[in-house]
Amino acid sequence: MNIKHSLLPTLLFLLTLMLGCAPKEKEITQQNPKPNIIYILADDLGYGELGAYGQQKIETPHIDALAKNGMLFTQHYSSAPVCAPARYMLLTGKHSGHAYIRGNDEWNERGDVWDYRAMAHDSTLEGQRPIPSNTVLLPQRLQEKGYRTGMIGKWGLGAPHTDAIPTKMGFDFFYGYNCQRQAHTYYPLHLYHNENRVHLQNDTIAPRTKLTKGADPNNPDSYANFTLKEYPPDIMFDQMLGFISKEKKAPFFFYWATPIPHNPIQAPERWVDYYKEKFGAEEPYLGDKGYFPHQNPRAGYAAMISYLDENIGKLVAHLKQEGLYENTLILFSSDNGVTYSGGTDGAYFNSSGPFGEAYGKGKGFVYEGGIRVPMLASWPNHIAAGSHTNHISVQYDVFATLDDLLKFEEETPTDGISFLPTLLNTSEQKVHDFLYWEFPEYGGQVALRIGDWKVIRQHLKDDKAPTLELYNLSTDPAETKNVADKHPEVIAQAAEIFKKEHENATTERFRIPAIENGLLSN
């Protein structure tokens, strides 16, 4: 018997089987030459809270792998130092001198919108001030290019029963928190699936609830109310994977607007236990700076970030399993710098890297610690692995970048500049003449970055004397040496930019009279 001939049918069968299943990713890529796009937006994640940016205590191996396999940005900025305006400008490509949303606005005229129990009974109290229905958002332009669009996480740009909800603003699918205030607990009573509430098996533990009177802060049982049954980050993540599996035959855009690591500190116990062992004993946080108490706040905070990192690893694994990874552009960033409340200990973690974490330097302020954020981009065989860039960019550039990549059907004026040439290293990168921030909260602030110069004006709306500050970020990244009196020409240039770029805000609470009246030229 000829062994060679007897094996031939078997070998042919195996070859046929391999050819039928091995090129799964190639087949999907040929069906969808347009890349899938996933934009991951962390919430209050500091510039220095990832291993790729020098973090020593919190472990983020999967996010670090995005940097190792792609590009790390060292000079990337949020469009604003707090949640809602940063998200609005990301999705519209507008800077804050032209934006409709320039700060957080809870739409207070509806009633007691901060009453958690009242919101549970009356959905008209949920959500933030709605953006106009004619606003053009990034997912709408992507839909026009044949993309299926999905979102999980925190919306914050409208309210239920208005036209400013995700499914009416360009998203085919939404699962998460419509309202930022509802996201002040990781164990809410409900989430939203598209336009409908999904009720969860959690008790009514309102945000800002403290320990029961007389409870022992060193007894774990005293904190039992703050770890309930259904944890939305788990639920939302599974919904995202389901969307990706369902929509993989068409190109898709997914916006993962995770609430992590925004306070309160609530994380899976297995991760908290891991960091309790790593960090050792610590003082409990009793809730005196807002949100919920936590027996091990440092361990709990680190646990939240490592849990997010773990899920990013699972996402990448899922993309590979579905044959989508090679044709997916993943962008990862944060909506603003690290917070100072709720038991967060930025100084312990060096959360802002070289920029400082104390109140006044991080979230809510236009200093580097409030607006310079991590930014990673991964796209196999397109973005060089292990690459770094010092290109000065901002989140309102994302709209222009994806327009440059896909050539949208309609032109949408934005304030951004595409950083696609930097990602792909294909042509000369245009640079910004300036980056612009206008923020009506925390006393009223404005800032410009002009090359290495950073101009800041503070106290433009409160009863304190306005300040004028100028820093050279190339020599003073922590913004400690004000040299405004030495460079009047830069201050004069900044005044002209503010005058030219500012449009009066539509909403009264977002107005800064000093800009509107031309006082910044003084």
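Reader: Which residues in H8 meet H9?

Author: This is a predicted model, so let's read the contact from its atoms. On the H9 side you'll find Arg298, Ala299, Gly300, Ala302, Ala303, Ser306, Tyr307 and Glu310. The H8 residues that meet them are Arg270, Trp271, Val272, Tyr275, Lys276 and Phe279.

Reader: Is H8 parallel or oblique to H9, and why?

Author: Two packed helices are described by the angle and the distance between their axes. Here the axes of H8 (residues 269-279) and H9 (residues 297-321) come within 8 Å and cross at roughly 125°. Angles of 65 to 115 degrees would count as roughly perpendicular and those over 145 as roughly antiparallel, so this crossing falls in the remaining class. That makes H8, relative to H9, oblique.

Reader: Which strands are the edge strands of the open sheet?

Author: Four strands line up as S13-S14-S15-S16, with antiparallel pairing. An edge strand here pairs on one side only. That gives you S13 (435-439) and S16 (467-472).

Reader: What is the bridge partner of Lys454 in S16?

Author: S15 covers residues 453-458 and pairs with S16 in the antiparallel sense, over six bridges. In S16, the partner of Lys454 is Tyr471.

Reader: Which helix packs on the sheet?

Author: Look for a helix touching S13, S14 (445-450), S15 and S16. Its direction makes about 115° with that of S14. The helix, residues 488-501, is H14.

Definitions and conventions
Residues numbered from 1 in each chain as written. Predicted model: local features only at pLDDT ≥ 70, side-chain atom pairs only at ≥ 80, totals over all residues. Heavy atoms only, no water. Axes fitted to C-alpha atoms, helices over the stretch in contact; angles between N-to-C directions. Helix = DSSP H or I, 4+ residues; strand = E, 2+ residues; numbered from the N terminus. Parallel < 35°, antiparallel > 145°, perpendicular 65-115°, else oblique. Contact = heavy atoms within 4.5 Å. Pairing = 2+ DSSP bridges.
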